[in-house]
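Biologist: I have a structure here and would like to go through it with you. Can we take it one question at a time?

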Amino acid sequence: MNRFKKEEKAPAGIPVEGFLCNAKDQTAFASKEDIYIAVRELHMELFPEEYSFMMDSHTDLKIRSLNQSPLSEEFLKIVNKRRAALGVLRFSGVNSGFCDDTWQFCRDKLGL
């Protein structure tokens, strides 16, 4: 029986066994999720360049696969100047992923 079937058979308002049954577990789960959402939103606001790969065309993907950046040099200079002022690592524009350094910066800003 899958989770949906178990939830469906349970009386309303009573949690199904094995799925965050006590209030303490539910609160801990909710707070971890809330923390992640807060960090992610701040990260998206402060470091939008790390999400640029999501809008890549096929040509951009080919350029990145050759370890080159499809982003302009001028844009990278502006971004790296801002990142240096914040005290995080430079952005190369080649890697399509997130930098742990920037995530840690956001966690520190939120006091986590």
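Biologist: Is Glu49 buried or exposed in this predicted model?
Modeller: The cut-off for buried is under 20% relative accessible area. Glu49 has a relative accessibility of 3%. Glu49 therefore counts as buried.

Biologist: Which parts of the chain does the pair of Glu49 and Arg83 tie together?
Modeller: The side chains of Glu49 and Arg83 meet in a salt bridge, at 2.7 Å from N to O. Glu49 lies in the loop between H2 and H3, and Arg83 lies in helix H4. The pair therefore ties together parts that are 34 residues apart in sequence: the loop between H2 and H3, and helix H4.

Biologist: How far apart are N and O in the salt bridge of Glu49 and Arg82?
Modeller: Side chains of opposite charge can pair when their charged atoms come close. Here, the side chains of Glu49 and Arg82 meet, and the N to O value is 2.6 Å.

Biologist: What is the relative accessible area of Arg83?
Modeller: Buried means under 20%. Glu50 is buried, at 2%. Arg83 is buried too, and its relative accessible area is 1%.

Biologist: How many salt bridges does a search of the whole structure find?
Modeller: Glu49 has a salt bridge with Arg82 and another with Arg83. The search of the whole structure finds 4.

Biologist: Let us turn to Pro70. Leaving aside neighbours within four places in sequence, which residues is Pro70 in contact with?
Modeller: Pro70 sits in the loop between helix H3 and helix H4. Pro70 is partly exposed, with a relative accessible area of 26%. Beyond its sequence neighbours, Pro70 is in contact with Asp60, Ile63, Arg64 and Gly93.

Biologist: Last topic. Which residues are the closest to the centre of the largest pocket?
Modeller: The largest pocket holds about 160 Å³ of space. Its lining has 10 residues, divided into 3 nonpolar, 4 polar and 3 charged. The closest to the centre are Arg90, Phe91, Ser92, Asn95 and Cys99.

Definitions and conventions. Residues numbered from 1 in each chain as written. Predicted model: local features only at pLDDT ≥ 70, side-chain atom pairs only at ≥ 80, totals over all residues. Heavy atoms only, no water. 1 Å grid on protein atoms, 1.4 Å probe; cavity = no way out; pocket = protein on both sides within 12 Å on 5 of 7 lines; lining within 4 Å. Points joined across faces, edges and corners; volume = space filled by probe spheres on them. Nonpolar A, V, L, I, M, F, W, Y, C, P; charged D, E, K, R; others polar. Helix = DSSP H or I, 4+ residues; strand = E, 2+ residues; numbered from the N terminus. Buried < 20%, exposed > 50% of the residue type's maximum accessible area, 1.4 Å probe, protein only. Contact = heavy atoms within 4.5 Å.
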